[in-house]
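The sequence and structure are shown first, and the description comes after them.

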Amino acid sequence: MPLTGSAEQPAAEAPESAAELPMTAAGTGATPDHPDDPPRYAPEWLRLREPADAAARAHDLLDPLRVRLADRQGRTAHDGLVVHDLGCGTGSMGRWLAPLLDGAQHWVLHDRDPYLLHFAAVGTPRSAADGSRVTVETRRGDLARLTPDALTGAGLVTASALLDVLTAREVDALAAACAAAGCPALLTLSVAGRVELTPEHPLDTEITLAFNDHQRRSGLLGPDAVSTAAEAFAAHGATVRTRSAPWRLGPDEAALAGQWLRGWVAAAVEQRPELREPAARYVEERLAACAAGELRVVVHHTDLLALCRPKGAAS
């Protein structure tokens with residue numbers, strides 16, 4: 001995640017999040033403009049999932065976070081809480097969290113995609129819960145590496161749907177950087193590897209297992225992300241709390257459920273090509289049930305709050 005050495009562009013005052021599914025298999029139309037450019041999450045997918053993300057996030061982690069923030073760690077010349085949002089996508093985390101916290105805030109939005117950073121900058125709320133001012137800047141950079149001083153001055157680190165697309169080494173680097181900054185981290189909506197579909201289908205379990213294997217490809221953590229992150233933060237002296245944060249998709253979320261289903265099955269088939277023919281019939285049946293309002297889906301996620309020791313606190 002080198003957040004240092006990355007191009008930084010100040011954004012308009014004001015205040016969506018990186019995708020849950022792999023960019024190559026999410027069914028989101030994520031494509032690079034140039035072969036050397038990073039794949040791009042489609043803003044349409046991020047907008048589609050934003051209400052479900054907001055409804056799923058664990059609100060009961062906010063009270064212990066507010067207690068930690070009450071001493072106003074992370075004040076700078078911006079005269080407010082400095083929040084670094086990693087892999088911000090189109091800024092959904094800021095739109096959810098900034099209006100739930102009191103006090104002036106300065107959000108530093110990190111993403112490798114300048115297209116998404118533009119949406120994030122213009123969509124950030126302009127005021128906090130108590131009416132205090134919220135400002136924003138964007139930083140373009142690769143979140144695959146994180147330098148120890150990247151979060152200097154941070155009062156809070158946030159991310160949404162990010163941990164599961166990191167490696168164990170990258171998660172440890174994140175935990176070390178938060179510990180060095182003495183700031184808490186609120187890391188939401190990591191996939192938990194469990195999906196419930198009603199009515200059930202004989203292929204549900206097989207598709208789930210293949211998808212989970214796909215999430216773990218090339219050393220990525222996938223559904224093991226939260227347990228790995230909890231261990232890493234604890235090793236760096238943090239107090240860690242986790243909470244369930246499931247998507248609950250019914251007839252009112254049919255568009256999201258259909259898009260998620262296509263990407264979920266596509267990833268499973270990419271991992272296990274022998275599933276292609278039965279999976280094609282499976283998707284057809286499931287999409288028909290979704291269109292008829294008969295499909296219910298619970299996609300399990302986990303939120304994590306790591307309360308790192310404030311700088312200068314006794315160990």
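## Basis of the report

The structure is a predicted model. Residues are numbered from 1 along the chain as its sequence is written.

## Helix α2

Helix α2 spans residues 62-69, and its buried residues are Leu62, Pro64, Leu65 and Leu69. These four residues lie on the same side of α2, because they cover an arc of only 165 degrees around the axis. The face turned away from that buried side carries Asp63 and Val67, both exposed.

The partners of the buried side of α2 include both strands and a helix. The strands are β2 (81-86), β5 (156-160), β6 (185-198), β7 (239-244) and β9 (296-307), and the helix is α3 (92-97).

## Helix α7

In helix α7, residues 225-235, the buried positions are Ala225, Val226, Ala229, Ala230, Ala232 and Phe233. Viewed down the axis of α7, the buried residues fall within an arc of 165 degrees, so they line one face of the helix. Glu231 and Ala235 are exposed on the other side of α7.

The buried residues of α7 pack against α5 (168-181) as well as β6, β7 and β9. Strands β6, β7 and β9 are also among the elements that the buried residues of α2 pack against. After α7 comes Gly237, which has a positive phi, near 90 degrees.

## Nonpolar cores

The largest nonpolar core holds 32 residues. Those that touch the most other members are Leu197, Ile207, Trp247, Trp260, Trp264, Val265 and Tyr282. At least two residues of this core come from each of α1 (43-56), β6, α6 (204-215), β8 (247-249), α8 (254-271), α9 (276-291) and β9. Helix α8 gives the most to this core, with nine residues.

Val265 illustrates the contacts made by one of these members. Leaving aside residues up to four places away in sequence, Val265 touches Ile207, Ala279, Tyr282 and Val283. A second, separate core has 29 residues, among them Leu163, Val171, Ala181 and Ala232. Ala232 is also one of the buried residues of helix α7.

## The second largest pocket

The second largest pocket has a volume of about 150 Å³. Its lining consists of Leu48, Pro51, Ala52, Ala55, Ala56, Pro246, Trp247, Arg248, Leu249, Glu253 and Leu256. The elements that give two or more residues to this lining are α1 and β8, and α1 gives the most, with five residues.

By class, the lining of this pocket has nine nonpolar and two charged residues, with no polar residue. Trp247, which belongs to the lining, is also among the residues that touch the most other members of the largest nonpolar core.

## The largest cavity

The largest cavity has a volume of about 70 Å³. It is lined by 12 residues, of which Gly193, Arg194, Val195, Phe211 and Asn212 are the closest to its centre. Elements β6, α6 and β9 each supply at least two residues of the lining, and the largest share, five residues, comes from β6.

The lining of the largest cavity divides into six nonpolar, four polar and two charged residues.

Technical notes:
Predicted model: local features only at pLDDT ≥ 70, side-chain atom pairs only at ≥ 80, totals over all residues. Heavy atoms only, no water. Buried < 20%, exposed > 50% of the residue type's maximum accessible area, 1.4 Å probe, protein only. Arc of directions from axis to C-beta. Contact = heavy atoms within 4.5 Å. Core = buried A, V, L, I, M, F, W, Y, C linked by side-chain atoms within 4.5 Å. 1 Å grid on protein atoms, 1.4 Å probe; cavity = no way out; pocket = protein on both sides within 12 Å on 5 of 7 lines; lining within 4 Å. Points joined across faces, edges and corners; volume = space filled by probe spheres on them. Nonpolar A, V, L, I, M, F, W, Y, C, P; charged D, E, K, R; others polar.
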